[in-house]
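The sequence and structure are shown first.

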Amino acid sequence: MSGNNSTLGAAVEQAKGVVNDAVAYVTGSSADQAKANEHKSKAQLEDEASHATVKVPGATISTSGVSKDDPARSEGSWNQTMGSAKEAVGGLLGSENLKQAGAQQNQQGKEQEAEGLIQDYGDGIKGRVGGAVGGAVAGILGDKDEEARMKEKHDQAKTAQRGVEADLIKKADAEAARQEKA
């Protein structure tokens with residue numbers, strides 16, 4: 001692919017590797033096997049680059065661009081933190097009211113964050129599809145400016161999706177670690 005790391009590009013390279021593997025198997029050629037291995041390595045690198053993200057508070061940065069998180073995600077996270085703190089303080093002080101208020105705020109925060117994750121993921125899917133289709137149409141029509149705009153839309157949406165995926169993986173890892181301790 002032309003300098004643009006993509007999941008599709010990785011799949012294409014993987015397919016080329018499989019075809020070259022088959023050719024190498026039939027011919028017994030070490031050159032064909034080397035070519036197959038080269039395509040597979042390129043596919044793996046491209047796939048890893050396509051999924052590389054850095055989460056910063058309120059945003060995601062990836063090889064595709066920068067995407068701001070839905071505000072419900074950070075508000076939900078804040079409410080979870082404050083709710084957990086209230087629960088802990090309530091437990092220390094023996095205040096059942098404070099403990100319950102904290103548990104309720106924590107639960108509300110989880111719901112807010114989930115709504116934001118769903119919104120960002122849905123917007124990501126919509127933007128990726130719209131950008132890909134719009135870019136293809138613009139390419140056919142020869143409108144280079146619109147094609148570039150659609151590529152940017154696609155890439156920003158991809159970054160939004162990758163941010164949600166990164167947050168979900170982080171949560172799953174934290175839950176697994178918590179369960180291991182128990």
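In which helix does Asn106 lie? Asn106 lies in helix α4. The model is a predicted one, and the values below were computed from it.

## Overall architecture

The protein contains 5 helices and 3 strands. Read from the N terminus, the elements follow the order α-α-β-β-β-α-α-α. Of the 182 residues in the protein, 30% are buried.

Among contacts between residues at least 6 apart in sequence, 61% join residues at least 24 apart. The accessible surface of the protein amounts to about 11,300 Å², and carbon and sulfur atoms account for 58% of that area.

The side chain of Asn106 forms a polar contact of 3.1 Å with the side chain of Ser84. With residues up to four places away in sequence set aside, Asn106 touches Asn79, Gln80, Gly83, Ser84 and Glu87.

Lys110 is also found in helix α4. Its relative accessible area is 42%, so Lys110 is classed as partly exposed. Gln80, which is among the residues that Asn106 touches, is touched by Lys110 as well, together with Gly76, when residues up to four places away in sequence are not counted. The C-alpha atoms of Lys110 and Gln80 lie 6.4 Å apart, although the two residues are separated by 30 residues in sequence.

## Helix α4: Gly135

Gly135 is another residue of helix α4. Is Gly135 buried or exposed? Gly135 is buried, because its relative accessible area is 12% and the class requires a value under 20%.

Between Gly135 and Arg149, which are 14 residues apart along the chain, the C-alpha separation is 7.8 Å.

## Strand β2: Thr60

Thr60 belongs to strand β2, which spans residues 59-62. With a relative accessibility of 1%, Thr60 counts as buried. A polar contact of 3.2 Å links the side chain of Thr60 to that of Lys55.

Which residues does Thr60 touch, not counting residues up to four places away in sequence? They are Thr53, Val54, Lys55, Gly65, Val66, Ser67, Asp69, Thr159 and Gly163.

## The largest pocket

The largest pocket has a volume of about 430 Å³. It is lined by 18 residues, and those closest to its centre are Arg73, Ser77, Glu113, Asp167 and Lys170.

Which element gives the most to the lining of the largest pocket? The element is α3, with 6 residues. By residue class, the lining of this pocket comprises 8 charged, 7 polar and 3 nonpolar residues.

Notes
Residues are numbered from 1 along each chain as its sequence is written. This is a predicted model: local features need pLDDT of at least 70, side-chain atom pairs count only at pLDDT 80 or more; totals for chains, interfaces and linings use all residues. Side-chain values use heavy atoms; hydrogens and water are left out. On a 1 Å grid over the protein atoms alone, a cavity is a set of points where a 1.4 Å probe fits but cannot get out, and a pocket is an open set with protein on both sides within 12 Å along at least five of seven lines; lining residues have an atom within 4 Å of a point. Grid points are joined across faces, edges and corners, and a volume is the space filled by probe spheres set on the points. Helices (H or I, at least four residues) and strands (E, at least two) are DSSP runs, numbered from the N terminus. Ala, Val, Leu, Ile, Met, Phe, Trp, Tyr, Cys and Pro count as nonpolar, Asp, Glu, Lys and Arg as charged, and the others, Gly among them, as polar. Buried means under 20% relative accessible area, exposed over 50%, partly exposed in between (1.4 Å probe, protein chains only). A polar contact is a pair of N or O atoms within 3.5 Å; within protein, one must be able to donate a hydrogen and the other to accept it, and residues adjacent in sequence count only if both atoms are side-chain atoms. Contact means heavy atoms within 4.5 Å. Accessible areas come from the Shrake-Rupley method with a 1.4 Å probe; for residues, only the protein chains shown count as cover.
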